[in-house]
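Open your viewer and get ready to click around.

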Amino acid sequence: MTDRARLNHVGFTVSVLDAPIAWLIEAFDFKLTSRAARPPGLAQALTGVEGAEVEIAFLEIDGLVLELIRYHSPDRRHDALPDPATLAAAHVALTVPDIESAIDDAQRHGVRVLGDIVTVPAGPNRGGRLAYLCHPAGVFVELIQPQRND
């Protein structure tokens, strides 16, 4: 048997840490497992970004580890967020029992709903309801409410 790659975490670069951390904890019950600045020079050595200094938070839910990275320097942040069709845009998809309630909670945290709630016609989430959200700090989240068998 050979070793194989396994998922370690999914990461997002964000403009701030406090607001998305609060949203993920309060709305979805993520657990904050770590938050700390990295030693000077480490982020630059890893990423090749000249002068990079970062603070990183790790949150966990159901075995998924989410990394939020805040670059303190260089200051290359832009006011405009990418849209979901931007090359290299990423999202995390979360299953929720009530999509409307999850959206209400998200909006209280300043999160935007990007489109409409849609019903999936085919595939593994067939019959489920989906919504796509964006936190102002730069985190895209897809909500999935499975089909109800009432």
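Let's start with rings: searching the whole structure turns up 2 aromatic pairs. Rings of Phe, Tyr and Trp (its six-membered ring) count as a pair if their centres lie within 6.5 Å; planes under 30 degrees apart are stacked, over 60 edge-to-face, and the rest tilted.

Select Trp 23 and Phe 28. This pair is edge-to-face, with 5.5 Å from centre to centre and 70° between the planes. Both Trp 23 and Phe 28 are buried (buried means under 20% relative accessible area, exposed over 50%, partly exposed in between, using a 1.4 Å probe and protein chains only).

Now jump to Tyr 132 and Phe 140. Why is this pair called tilted? The ring centres are 6.2 Å apart and the planes sit at 40°, so the pair counts as tilted. Tyr 132 is partly exposed, at 23% relative accessible area, while Phe 140 is buried, at 4%.

A quick word on what you're looking at. This is a predicted model, where local features need pLDDT of at least 70 and side-chain atom pairs count only at pLDDT 80 or more, but totals for chains, interfaces and linings use all residues. Residues are numbered from 1 along each chain as its sequence is written, and side-chain values use heavy atoms, leaving out hydrogens and water.

Colour by pLDDT (the predictor's confidence in each residue, from 0 to 100). The protein's mean is 88, and 91% of its residues reach 70 or more. Helices (H or I, at least four residues) and strands (E, at least two) are DSSP runs, numbered from the N terminus.

Last stop: Glu 55, in strand 3 (residues 53–61). Glu 55 is buried, at 17% relative accessible area. Its side chain is joined to that of Arg 35 by a polar contact of 2.8 Å (a pair of N or O atoms within 3.5 Å; within protein, one must be able to donate a hydrogen and the other to accept it, and residues adjacent in sequence count only if both atoms are side-chain atoms).
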